[in-house]
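Have a look at the model first.

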Amino acid sequence: MADTVLYEVSDGLATITLNRPEAMNALNIETKVALRDAVRSAAADEAVRAVLLTAAGDRAFCVGQDLKEHIGLLAADRETGSGETMSTVREHYNPIVRALADARKPVVAAVNGVAAGAGFGFALAADYRIVADTAAFNTSFAGVALTADSGISWTLPRVVGPGRATDLLLFPRSIKAQEAYELGIANRVVPAADLRAEAEKVARTLAEGPTVAYAALKESVAFGLTHSLDETLEKEDELQSRAGSSEDHATAVRAFVNKETPNYSGR
């Protein structure tokens, strides 16, 4: 795996770190491929029970597409007429977002700085966002004459509402950490110096939790957003049967009755 993305698994927690701080963790092709592969690996690995997505440096989580590389690719497209440059949405961004959102385990994003464009989209694809008080978000797309990608046209309206999402997409601006918290974009805002420790604490707590139940919770919320009440009730019945037959449920009930702390296996 390229060193533009670092990947480590420890005690059930996969930590994925964007590692181009000198470029504000902008997404060149090498980084996009490495990030896609890392997220897919974490999602598929049964030994991984939670994922922490973060970035190196203190200026940026990810500013989206590497525009310096993008300029050259667009010029090559004009010469060949291939239009291959924008296939990055299909080949990289979409698989990354799907892997984050569909992972059958919790995904925590530790947003250490600016999250713009696809960087904003990746953060929204996570289940829980811990944000440094110095961080900010920006949709950015309209500012470079592009439409939304990285799932943000689906995730952002569900977080802030369609009217506010349209405003933020049509008129890109910096959304500071406190406003992001008020809008529901950030689940928690912490001092920048404490971000990594707090994010690891949350992610490790989730990695030690009832993984089957967490997966069912993710699935039920996503299902409920696009289905009727009756359909959602049926889905809850299905998922509760799955969670209820897990080893972790039996462990939790036994621990509750005995007034003990449950030790979950993730099964």
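Counting charged side chains in this predicted model gives 27 positive and 36 negative ones. The centres of the two sets lie 1 Å apart.

What about the surface those side chains share with everything else? The protein exposes about 13300 Å², and carbon and sulfur atoms supply 53% of that area. On the inside, buried residues make up 45% of the 267 in the protein, where buried means under 20% relative accessible area.

Now for the overall build. A compact globule of 267 residues would have a radius of gyration near 18 Å, and the protein comes in at 19 Å, so the two agree. The C-alpha trace spans about 70 × 40 × 35 Å along its principal axes. Take the contacts with a separation of 6 or more: 69% of them are between residues 24 or more positions apart.

As for secondary structure, you'll find 11 helices and 10 strands. Four of the strands make an open sheet, in the order S4-S6-S8-S9, with mixed pairing. S4 and S9 stand at the edges with a single partner strand each, so one side of each has no neighbour in the sheet.

| Strand | Residues |
|---|---|
| S4 | 60-62 |
| S6 | 114-116 |
| S9 | 175-176 |

In general, strands of a sheet pair through backbone hydrogen bonds, either parallel or antiparallel. S4 and S6 run parallel and are joined by two bridges. Along that pairing, Ala-60 stands opposite Val-114 in S6.

Note on methods. Residues are numbered from 1 along each chain as its sequence is written. This is a predicted model: local features need pLDDT of at least 70, side-chain atom pairs count only at pLDDT 80 or more; totals for chains, interfaces and linings use all residues. Side-chain values use heavy atoms; hydrogens and water are left out. The radius of gyration is taken over C-alpha atoms; the globule rule is 2.2 Å times the number of residues to the power 0.38. Buried means under 20% relative accessible area, exposed over 50%, partly exposed in between (1.4 Å probe, protein chains only). Contact means heavy atoms within 4.5 Å. Accessible areas come from the Shrake-Rupley method with a 1.4 Å probe; for residues, only the protein chains shown count as cover. Lys and Arg count as positive and Asp and Glu as negative; His and the chain ends are not counted. The place of a charge is taken as NZ of Lys, CZ of Arg, CG of Asp or CD of Glu. Two strands pair if DSSP finds at least two bridges between them.
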